[in-house]
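Visitor: Could you show me how to read a model like this, feature by feature?

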Amino acid sequence: MNIRIAIITLVAALSLSLTSAAQSLAPDTVPHRKKVALVLSGGGAYGAAHVGALKVLEEIGMPVDMVVGTSMGSIVGALYSVGYDSNDITSMFRQMDWGELFLDSEDARHLTLRDRDEKNTYIYKRDFYVGGNVDPQPGGLLRGENIDKTFEQLLYGYTDSINFLTDMPRQFACVATDLLTDEEVVLTDGSLVKSVRASMSIPGVFTTVHIGDWQLVDGGAKNNFAADVARRLGADIVIGVKYDRQLDTIRNYRRIIDVLERTGGSDVSRRSRANEKYCDLVIKVPVRGFTSGSFTARALDSLMTRGEKSARAKIDELRALKALAVPDTARNYSLHLRDLGSALRSAGETAGLIYDHLPGTIVAGAGLRFDSNEIFAAQLGARYFIPGKGAKELDLALRLGLRSTLRIAFELQPAPFKRMGVSYQFGYNYSTIYTRGKRSNNLSYLHQRADLKLFSLDAVNFYFEIGLGWDHYHHFKELWNEHSEIDFTTNEHYFNYHARLRYDSENNYYFPTRGVRAEASYEYCTDNFGTWKGHSGFSDLAAMCRVTIPLSATTHLRPQLQGRFLFGSDLPIMVGNVVGGISGVKHLPQQMPMPGLAHVEFFDNAFVSATLRLQQRLTGRHYLLLEGGVAEQSEEVKKLFDQKPFWGAHVGYFYNLGIAGPLGATIGWNSYSKRVGFLISLGFQF
C-alpha cells in the first residue's frame, strides 16, 4: 500500500512539474509583455535552415511564445513547440532516414516473414478496394504511414486531441489547404500528428488527410509563409524564417524539379513576399545549389549551417526585438522539455504488430531488377483479401525475365498466424550451366509445381510449414559441349512430403546490423506417393544459418554455415545441388551462393560451405562488402571431408537505394573454376 501511495505521489509531482514547465513560456505570466511568434515557411529540405536559425534564437534567449508553420515548417515547428531544442532537432535531421520516412516501407520487425519477402521484392505497393466507392489511398501515391508512426513517437504525450494554443509548451498552428473549397485552413486543435501530416501532404504524392469536412493537402499550395496567420492569432512581434532561392536570369532550367519549383508556385511566391509586411524581422536563407528534395546528409548540414549564418547576420535586430518583448529574466525561454534519446529508443522498440488488410482489399505491387546476368526482370503481384466468413485470400504473381513464372494460390486462415491452402506455379527457365568454370549447357525447360499446404504457422520472425508437393520438368533440346557432365531426361516428375522451418530476426535483408537468419527443410520424394523407380524414395535435407555480429556502429561481421544433402539413388538431375552466384541471385530454387563463384554449376550430392562477410558502412548509404568462404562436396556424406576444399572470395561496393533495393557491383575469384567473376546489379533479388 505504501509503495502504491509513493508511486501515485511521484506521478502527480512529475505531472505538476511538466505543467509548470509548459506554462513557463506562456506570454501572460509577465504583465504587459508582448507575445512573440516565429513563422517557419515550407520548402521540403529547405526546412533544415529553420533548425540553424533556432540555434541562434536560443543562444540569445529569444522568448518564442508561438510557432506558425507550413509544410516542413510545421514539422520543425511542432517539434520545437512540444519542447525539443535546436540540438535535438539537429540530431533528428541527421539521424532520420528521409527516404524511408517519406515512403510506405513497413518496418520489417512488425511483419510476418511472408510480408518481409514482399517488402524485399516490390518497389511500389498500393491498396485498392474492390466493389466499393472508397479508395484506401485517396488522391496520392503514398499513404505516409511512416510519417505518422515516426511523429507519433517523437510527439508522444501530445498525440491525443488537444488545443494547440493552450495545451502545448509553446502555442502552435499550422496551415493546410482544403481541396473542396480551395482555401487555406489554419489548424489549431485536434490531432497534432494528423495536422502536421496534412500540412506537408504534397498534392498527388501523399494521400489527402480528412479532418472534419476538410480534405487537406500541403499548406504550401496556398500560404507558404503564414505571417498573416501569426498576426491573426494575436502575435505582437513576428519573426519569419524563409528560404531565398536567389533566382537569376541566366540559370538553365533543365531538371524537372527546378522547373516545377520555378513555375508551380508563382501565386504562392507572391503571397509569401506580400506576407513579409506582417513581420518585424524576416530571416532569408539562401538555398542556391540545393532543391526542396535535397535530403542528403551533406545537403541538410549545409542548409542548417546557412540558416544559422543568416540568423547571426540579423543578431542585432533580434536582440532589439528581444528587448521589446520584455522577457522574464527568471525564466529560460529555451527550456528543454523533451528527451530525444527516450523518443528514439521508443521508436526502435518492436510493437509486435502485423500489418493487416480489410476484406475486399487488393494489395498490388511491382518490382524491377537489372543485373549483368539476367539483364532485366520484373514482377507483378496482387493479393485479394476475400470478404465473407473467415480470413481468405487469393494471390497472383507474375515474374518476367529469363526465369519467368506465373503463380496462383488460395489460402485460408482458420486462426491468427495459422494458414492452409493450395498453390500452382507454371514457369519457363533459361539458364547457362558451367562445369569447372567453362560453359557446358544452355538449359531451357518448363517447370510446373503444385503445393498443398496442410498447416503453416506464420508469425513475427518465425515460419513453419508441412505439406505435399508435385514437380514436373519438361526439357527442351539442350545445347552442350565436351565439358558437359550432365544427362537430362526430357520429362521427369516427382511428389514430395515436406517440412520447412524458417527464423529471421535480421533488421535488413541486404545490410543487417543485428539478428539471426536460419532455414531448414526436409523433403521425401517419390513418383507414386510411395516409391521412386521401384525402390525407396530419395530425400533432400538442407539447412542454413547466419548471424550478424556488430563490431562497431558501422562495421559488422556475418558468419554463415550452409549445407544440402541428397540421399537415395537414380536422382533426377533437377534436384541436384546447384552452387554459384556471388550476389545470392537464384537461377534455380535450390541454388546456394558461394563467394567468388559467379556462374552456376551442378555439384555432388553432399555440399557444405562456411563463409564470413565483413560489412563496412562507409558513410550514409554507401557500403563496402568483403566476403570469403570455403566449401566441400562429395557424393556421400561420410566422404565429405576426404577431398581438398575449395575457396572463393569477392569484394563489392553497394549503395542502398532503400525501397528500390541496392545498387552495386562485385568482383571475385575462386579456386574451383579459377576464374574471375563480375556482377553489376540494381534492385531487389527475386
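Guide: Let's start with D244, which lies in strand β12 (residues 237-244). Helices and strands here are DSSP runs numbered from the N terminus: H or I over at least four residues for helices, E over at least two for strands. This is a predicted model, in which local features need pLDDT of at least 70 and side-chain atom pairs count only at pLDDT 80 or more, while totals for chains, interfaces and linings use all residues. Numbering runs from 1 along each chain as its sequence is written, and side-chain values use heavy atoms, with hydrogens and water left out.

Visitor: Is D244 buried, exposed or partly exposed, and what does D244 touch?

Guide: Contact means heavy atoms within 4.5 Å. Leaving out residues up to four places away in sequence, D244 touches K284, V285, P286, V287 and R288. Also look at Y46: D244 and Y46 are 198 residues apart in sequence, and their C-alpha atoms are 9.4 Å apart in space.

Visitor: Where is Y430, and which residues does Y430 touch?

Guide: Y430 belongs to strand β18 (residues 418-435). Its relative accessibility is 30%, so Y430 counts as partly exposed. With residues up to four places away in sequence left out, Y430 touches L402, N442, L443 and S444. Y445 is 15 residues from Y430 along the chain, with 6.8 Å between their C-alpha atoms.

Visitor: What should I make of phi at I375?

Guide: Phi of I375 is near 70°, a positive value in a residue other than glycine. I375 is in strand β15 (residues 375-386), and with 56% relative accessibility I375 counts as exposed. K674 is another one to look up: phi is near 55°, again positive in a residue other than glycine. K674 is in the loop between β32 (662-670) and β33 (676-683), and counts as exposed at 59% relative accessibility.

Visitor: Now helix packing. What describes two packed helices?

Guide: The angle between their axes and the distance between the axes. Axes are lines fitted to C-alpha atoms, for helices over the stretch in contact, and angles run from 0 to 180 degrees between N-to-C directions. Angles under 35 degrees are called roughly parallel, over 145 roughly antiparallel, 65 to 115 roughly perpendicular, and the rest oblique. Take α2 and α12: their axes are 6 Å apart, at an angle of about 40°. That makes α2 oblique to α12.

Visitor: Which residues of α2 and α12 meet?

Guide: From α2 come A48, A49, V51, G52, A53, K55, V56 and E59, and from α12 come L300, L303, M304, G307, E308, A311 and R312. By class, that contact of α2 with α12 holds nine nonpolar, two polar and four charged residues. Here Ala, Val, Leu, Ile, Met, Phe, Trp, Tyr, Cys and Pro count as nonpolar, Asp, Glu, Lys and Arg as charged, and the others, Gly among them, as polar.

Visitor: How do α4 and α12 pack?

Guide: The axes of α4 (residues 86-95) and α12 (residues 297-312) come within 9 Å and cross at roughly 155°. These two, α4 and α12, are therefore roughly antiparallel. T90, F93 and R94 of α4 meet L300, D301 and M304 of α12. The contact of α4 with α12 splits into three nonpolar, one polar and two charged residues.

Visitor: And what about α3 with α4?

Guide: The axes of α3 (residues 72-81) and α4 come within 10 Å, crossing at roughly 135°. That makes α3 oblique to α4. M72, V76, L79 and Y80 of α3 make the contact with I89, M92 and F93 of α4. By class, the contact of α3 with α4 has seven nonpolar, no polar and no charged residues.

Visitor: How many residues are in the largest nonpolar core?

Guide: In soluble globular proteins, nonpolar side chains tend to be buried together. A nonpolar core here is a set of buried Ala, Val, Leu, Ile, Met, Phe, Trp, Tyr and Cys residues joined through side-chain atoms within 4.5 Å. The largest has 72 residues, and M62, L79, F93, F172, L192 and L318 touch the most other members. Helix α2 (residues 48-59) gives the most to this core, with seven residues. Apart from this core lies another, of 15 residues, including A37, V175, F225 and C279.

Visitor: What does L318 touch?

Guide: V56, L57, I60, M62, I239, L281, I283 and A311, not counting residues up to four places away in sequence.

Visitor: Last one: how many residues of α8 are buried?

Guide: Seven of the eight in α8 (residues 192-199), a helix that is mostly covered. The buried residues of α8 are L192, V193, S195, V196, R197, A198 and S199.

Methods. Buried < 20%, exposed > 50% of the residue type's maximum accessible area, 1.4 Å probe, protein only.
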